[in-house]
Every structure is written in structure tokens, then in C-alpha cells.
Amino acid sequence: MNHSLLAQLQMLRDQGTGNPVLSNPYPEVKGSPYWSEFEIGSIVFSEKDTASNLMIAFNAFNHTLVYQMDRDLMAYSPGKINGFILGKNSSNQIFRSGYMVPGIGSNRFVEVLVDGEFTLVNHKFKKMVDDPGATYGSQQSKTFQNAEELILYKGGEAYIWKPRKKNLIGFFGEDGYKKINNMANSYGLDLKEINDVKRLVMLLNAGN
């Protein structure tokens, strides 16, 4: 082992290693509980301690970060780590724990899209639903389904993004709604599209 790998393993052990998990705990359910396949990424334990270049995957059904250690799979839950990073280039995805998700609490990992006075996150999760393609009486009658919701934070308040006038006025007020509506028209933003909502929040943070 090289010194870098030894240091990574030592950091993982110092942080409690995580809990062992099965490679496929739901063999009777179609699809995967993971949001995407295992890929190179990093586990963020604190602002100072990050373990990099690990094979990791996000289990979006039970909201754990899973990593490969030798031939075993180990998992960290929200609160045990600050977050994780999927990928190792400019297009990587940053997930953090500790954000209050309305109706659920802070025991979730969320993808941070925009940081600032207005913070925008994407709450990604998997649901176990009836499989519409299953034959009658089939044991594989359940499947995993992707789901996500945008959440906006400002001044300790959380708003699940719903681009309807009534909802936007409830969070931003009349003047704030007019400002958002004007920006959407000026920049050609579709407030139902994630990338356009991200751009809107960046504009708000820039004071536009």
C-alpha cells in the first residue's frame, strides 16, 4: 500500500469506519436503491478531514453514503459525516447533511446547488412503489422510483420550491414575487426547470 492509501484507511478507521451493509438488501425489489452506480468520490468528515479517491455511492432509499473497503461495503448515515462529493472534476456533486427538510427533519443528505444568502438544495430520494409492469401474482411487484424536490433556504426558513404564484408570494412576499417574475421574463427562465431555478437563485444572491 502507498502512503496515501494508508492515510485514507487510517482516517476511515479513526472516524468509526461506518456500519457494514449488504450489497443488495432488497433482492425482491426491481431497480436499485442507489441514485447512481459506485464512482470515485470523497467523504467529508469535517472542514479539515476529507477522505478522497474512494469508491462511493449514495443509497437514496435509506439515505446513507456507502463506500467500498477492501471487499466489504460500509455505510455512514447523516450526522456521522458532514457530507460527500460524487466525482472528482468540475462537474462533481456536493452533498451535505444537517439541512432541515420540511416534514422529515435533518437526517438527510441533500445536494447543494447554490450557496449564499439564498441556498438552494436538491433533496434526492428513492421511493418503493408498486411495479406497473409486474404480472399478477409476481413476487417482484415493487420497484424503486426516483424522486427529488428543490428546497430554498433563507434566514433559517425553508421553502419547498413550487413555482405557483400563491406559493411564491407566501415565501417572498408581493414585492419578491414581482422581482422573480420580472427576472424570469427578462432571462427567459422556466421556473419548473432545475437549472433555471439554480440560475435564478444565483441572480438573487448577486443582488439582481
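Student: In this predicted model, which way do β5 and strand β6 (residues 72-76) pair, and over how many bridges?

Tutor: The pairing of β5 and β6 is antiparallel and extends over five bridges. Within this pairing, Tyr-67 stands opposite Met-74 in β6, and the two strands form a hairpin with two residues between them, where Asp-70 in the turn has a positive phi of about 60 degrees.

Student: Which strand does β5 join on through four bridges?

Tutor: That strand is β4 (residues 50-59), which runs antiparallel to β5, with Phe-58 standing opposite Leu-65 in β5. β4 and β5 also form a hairpin, here with four residues between them, and His-63 in the turn has a positive phi of about 50 degrees.

Student: Is strand β5 (residues 64-69) mostly covered or mostly open?

Tutor: β5 is mostly covered, since five of its six residues are buried.

Student: Which residues of α2 are buried, and what covers them?

Tutor: The buried residues include Leu-168, Phe-171, Phe-172, Tyr-177, Ile-180 and Met-183, while what covers the buried residues of α2 includes β11 (142-154), β12 (157-160) and α3 (194-205). After α2 comes Gly-188, whose phi is positive, near 65 degrees.

Key. Residues are numbered from 1 along each chain as its sequence is written. This is a predicted model: local features need pLDDT of at least 70, side-chain atom pairs count only at pLDDT 80 or more; totals for chains, interfaces and linings use all residues. Side-chain values use heavy atoms; hydrogens and water are left out. Buried means under 20% relative accessible area, exposed over 50%, partly exposed in between (1.4 Å probe, protein chains only). Contact means heavy atoms within 4.5 Å. Two strands pair if DSSP finds at least two bridges between them.
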